[in-house]
Amino acid sequence: MSKPLPHLTSDEAAEAFLETADLSEFDLAAMRPHSFEFAPKSRQINMRVPEPLLDAVKARAAERGMSYQRFIRQTLEEALRR
């Protein structure tokens, strides 16, 4: 039986955990890739979309706890990786 991952509240706690943990003991099935946005945003695009689509994008972004602009960038990146 797999153990759940502990809730780590700092970088130091995460580093200490990874120093000694055997990750094969944990259930990683719920893990999703995560990208960090380090690249500067140097270009801007403008586009018109139907209001219901923008409302749906904003709602989905809120569910994931991010801004809708970041959600749109992430969705574009995922589409290009496929």
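Of the 82 residues of the protein, 9% count as buried. The structure described here is a predicted model.

## Overall form

The protein contains 3 helices and 0 strands, and its pattern along the sequence reads α-α-α. The radius of gyration is 18 Å, whereas a compact globule of 82 residues would have a value near 12 Å. Along the principal axes, the C-alpha atoms fill a box of roughly 50 × 30 × 25 Å. The accessible surface amounts to about 7,700 Å², and carbon and sulfur atoms account for 56% of that surface. Where contacts link residues at least 6 apart in sequence, 29% of them join residues at least 24 apart.

## The largest pocket

The largest pocket has a volume of about 770 Å³. Its lining comprises 25 residues, and those closest to the centre of the pocket are Ile45, Gln69, Ile72, Arg73 and Leu76. Helix 2, which spans residues 51-63, and helix 3, which spans residues 68-81, each supply at least two residues of this lining. Helix 3 provides the largest share, with 8 residues. Sorted by class, the lining consists of 14 nonpolar, 6 polar and 5 charged residues.

## Residues at the start of the chain

Leu5 is situated in the segment before helix 1. Its relative accessibility is 35%, and Leu5 therefore counts as partly exposed. When residues up to four places away in sequence are left aside, Leu5 touches Phe17, Phe26, Leu28 and Met31.

Helix 1 covers residues 11-20, and Ala14 lies within it. Ala14 is partly exposed, because its relative accessible area is 24%. Glu12 also belongs to helix 1. With a relative accessible area of 58%, Glu12 is exposed, given that exposed means over 50%.

## Residues of helix 3

Gln74 is located in helix 3. Buried means under 20% relative accessible area, and Gln74, at 12% relative accessibility, therefore counts as buried. Leaving out residues up to four places away in sequence, Gln74 touches Arg64 and Met66.

Glu78 is likewise found in helix 3. The relative accessibility of Glu78 is 28%, so this residue counts as partly exposed.

## Separations along the chain and in space

The table sets out pairs of residues with their separation in sequence and the distance between their C-alpha atoms.

| Pair | Separation in sequence | C-alpha distance |
|---|---|---|
| Ala14 and Arg48 | 34 residues | 42 Å |
| Leu5 and Ser42 | 37 residues | 37 Å |
| Glu12 and Val57 | 45 residues | 35 Å |
| Glu78 and Lys58 | 20 residues | 18 Å |

Glu12, an exposed residue, is 35 Å from Val57. For Leu5, which precedes helix 1, the distance to Ser42 is 37 Å. Glu78, a partly exposed residue of helix 3, is 18 Å from Lys58.

## Summary

The largest pocket, of about 770 Å³, receives 8 of its lining residues from helix 3. That helix also contains Gln74, which is buried at 12% relative accessibility.

Note on methods: Residues numbered from 1 in each chain as written. Predicted model: local features only at pLDDT ≥ 70, side-chain atom pairs only at ≥ 80, totals over all residues. Heavy atoms only, no water. 1 Å grid on protein atoms, 1.4 Å probe; cavity = no way out; pocket = protein on both sides within 12 Å on 5 of 7 lines; lining within 4 Å. Points joined across faces, edges and corners; volume = space filled by probe spheres on them. Helix = DSSP H or I, 4+ residues; strand = E, 2+ residues; numbered from the N terminus. Nonpolar A, V, L, I, M, F, W, Y, C, P; charged D, E, K, R; others polar. Rg over C-alpha atoms; globule rule 2.2 N^0.38 Å. Buried < 20%, exposed > 50% of the residue type's maximum accessible area, 1.4 Å probe, protein only. Contact = heavy atoms within 4.5 Å. Areas by Shrake-Rupley, 256 points an atom, 1.4 Å probe, with all protein chains shown as cover.
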